[in-house]
Amino acid sequence: MKDTAPQCGCREVHPDRIAHADGQMPAEEELFSLADLFKIFADSTRIRILYVLYDTELCVCDIAQMLGMQISAISHQLRTLKQARLVKYRRSGKTVYYSLADDHIHSILAQGMDHIRE
């Protein structure tokens, strides 16, 4: 048996609620950008990389070692994360260190984990 969402039994429209919700609705372009951001989080490899970088910065070799993956695969995912502005990097000599881009990313990960653990 399928679990379906409850259906509203009334046939009344609530203009005040509609107006409030409409006033809160971001621009269509912003909604598309938000959807694209969440698509980045939809890949478990990228989530693993973000969690490896949760409290520290690491080079590609370190991340690959920790996750048991090839350096080229990690580099590919880091490129995607960098383009989405979820990670940043800094050079130290020949080594490039990656870290979370800002506190927002840290918060998104923490809140997501809190939500699934409830």
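Axes are lines fitted to C-alpha atoms, for helices over the stretch in contact, and angles run from 0 to 180 degrees between N-to-C directions. The model is predicted, with local features requiring pLDDT of at least 70 and side-chain atom pairs counted only at pLDDT 80 or more, whereas totals for chains, interfaces and linings use all residues. Residues are numbered from 1 along each chain as its sequence is written, and side-chain values use heavy atoms, with hydrogens and water left out.

Helices (DSSP runs of H or I, at least four residues) and strands (E, at least two) are numbered from the N terminus. The axes of helices H3 (residues 44-52) and H5 (residues 71-83) come within 10 Å and cross at roughly 80°. H3 is therefore roughly perpendicular to H5 (65 to 115 degrees). At this crossing, Thr 45, Arg 46, Ile 49 and Leu 50 of H3 meet Ile 74, Gln 77, Leu 78, Thr 80 and Leu 81 of H5, contact being defined as heavy atoms within 4.5 Å.

Thr 80, located in H5, is buried, with a relative accessible area of 19% (buried means under 20%, with a 1.4 Å probe and protein chains only). Not counting residues up to four places away in sequence, Thr 80 touches Ile 40 and Arg 46.

The largest nonpolar core comprises 21 residues, such a core being a set of buried Ala, Val, Leu, Ile, Met, Phe, Trp, Tyr and Cys residues joined through side-chain atoms within 4.5 Å. Among the residues with the most contacts inside this core are Ile 49, Ile 63 and Ile 74. Its largest share, four residues, comes from H4.

Key:
Angles under 35 degrees count as roughly parallel, over 145 as roughly antiparallel, 65 to 115 as roughly perpendicular and the rest as oblique. Buried means under 20% relative accessible area, exposed over 50%, partly exposed in between (1.4 Å probe, protein chains only).
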